[in-house]
Amino acid sequence: MIPVEFHFDFGSPNAYLAHLVIPEIEQRDGAKFDYVPVLLGGVFKLTNNRSPAESLAGIKNKPEYERRETERFIKRHAITAYRRNPFFPVNTLTIMRGAVAARKLDVFERYVDEVYRHMWAEPKKMDDTDVLRAALTESKLDVEALLELVQTTEVKDELRINTERSVACGTFGSPTFFVGDEIFFGKDRLRDVEEAILARR
């Protein structure tokens with residue numbers, strides 16, 4: 001089966017919305033998306049890119065259009081578990097390292113679901129250590145094991161290497177998808193991702 005990758009950072013609301021739709025594609029097409037944690041701040045630094053909040057600032061009409069497109073996406077996929085995080089932007093360094101740690105502890109999928117929930121369904125300030133601990137505890141994840149691993153050189157290096165490799169393959173933001181070596185950017189490209197999966201069967 002052709003490899004399909006989802007390069008994500010919890011700080012991107014568009015990556016979260018894509019995350020909610022990915023299971024539909026997997027079920028329809030029998031594909032399996034490999035989630036690759038990257039640090040969006042690192043991606044921006046390596047590509048000289050900026051966040052939409054910065055790049056759209058002061059531009060007439062475009063921010064309103066982007067919001068309209070998001071509303072269309074939410075309606076198309078009947079998404080109900082989404083609220084704008086009032087603490088946005090959130091520094092995601094710890095929770096992205098946490099994703100790397102969670103994979104080593106065999107709780108990756110649950111960790112991703114739960115951290116996304118705490119970021120975008122029941123929004124919290126997830127760069128506050130006390131808030132993060134409380135959220136992970138509520139999610140019945142092993143807080144101490146995760147936060148201990150987050151501090152290790154192994155986990156820090158893996159997230160950095162993921163980010164550098166992602167950029168080397170063409171990433172400049174999140175969500176980014178790869179079907180084989182073909183790159184797709186943005187939640188609105190999921191239909192193209194699905195077409196590429198079907199074309200490569």
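**Exercise 1. The second largest pocket**

The second largest pocket has a volume of about 210 Å³; state which of its lining residues are closest to its centre and which elements supply its lining.

*Solution.* Of the 13 residues that line the second largest pocket, His19, Lys32, Phe33, Tyr35 and Glu109 are the closest to its centre. At least two lining residues come from each of α1, β2 and α6. By class, the lining holds six nonpolar, one polar and six charged residues.

The terms are as follows. A pocket is an open set of points on a 1 Å grid over the protein atoms alone, with protein on both sides within 12 Å along at least five of seven lines, and lining residues have an atom within 4 Å of a point. Grid points are joined across faces, edges and corners, and the volume is the space filled by probe spheres set on the points. Ala, Val, Leu, Ile, Met, Phe, Trp, Tyr, Cys and Pro count as nonpolar, Asp, Glu, Lys and Arg as charged, and the others, Gly among them, as polar. Helices (H or I, at least four residues) and strands (E, at least two) are DSSP runs numbered from the N terminus.

The model is predicted, so local features need pLDDT of at least 70 and side-chain atom pairs count only at pLDDT 80 or more, whereas totals for chains, interfaces and linings use all residues. Residues are numbered from 1 along each chain as its sequence is written, and side-chain values use heavy atoms, with hydrogens and water left out.

**Exercise 2. The largest pocket**

Describe the lining of the largest pocket and identify the element that gives the most to it.

*Solution.* The largest pocket has a volume of about 1400 Å³. Its lining comprises 45 residues, of which Pro13, Asn14, Ser51, Pro52 and Ala53 are the closest to the centre. Two or more lining residues come from each of α1, α2 (40-47), α3 and α4. The greatest contribution is that of α4, with nine residues. The lining divides into 19 nonpolar, 14 polar and twelve charged residues.

**Exercise 3. The cavity**

Determine how many cavities of 30 Å³ or more the whole structure holds, and characterise the lining of the largest cavity.

*Solution.* A cavity is a set of grid points where a 1.4 Å probe fits but cannot get out. A search of the whole structure finds one of 30 Å³ or more. The space in the largest cavity is about 40 Å³. Its lining consists of Thr94, Ile95, Gly98, Tyr111, Leu132, Leu136, Leu146, Leu147 and Val150. The elements giving two or more residues to this lining are α5 (93-104), α7 (129-138) and α8 (143-150). Seven lining residues are nonpolar, two are polar and none is charged.

**Exercise 4. Helix α6**

*Solution.* Buried means under 20% relative accessible area, exposed over 50%, and partly exposed in between (1.4 Å probe, protein chains only).

**Exercise 5. Strand β3 and its partners**

Identify the strands that pair with β3 and the directions in which its side chains point.

*Solution.* Two strands pair if DSSP finds at least two bridges between them. Strand β1 (residues 4-8) runs antiparallel to β3 and is joined to it by four bridges, with valine 4 opposite valine 179. Strand β4 (residues 182-185) also pairs with β3 in the antiparallel sense over four bridges, and phenylalanine 184 is the bridge partner of phenylalanine 177. The hairpin of β3 and β4 has two residues between the strands, and glycine 180 in the turn has a positive phi of about 65 degrees. In a regular strand, side chains alternate between the two faces of the sheet. In β3 (residues 176-179), Thr176 and Phe178 point one way, Phe177 and Val179 the other, and all are buried.

**Exercise 6. Backbone features in loops**

Locate the cis peptide bond at proline 89 and the positive phi of alanine 78.

*Solution.* The bond joining phenylalanine 88 and proline 89 is cis, with omega about 0 degrees. Proline 89 is in the loop between α4 (62-76) and α5. Alanine 78 lies in the loop between α4 and α5. Although not a glycine, alanine 78 has a positive phi of about 50 degrees. Alanine 78 counts as exposed because its relative accessibility is 61%.
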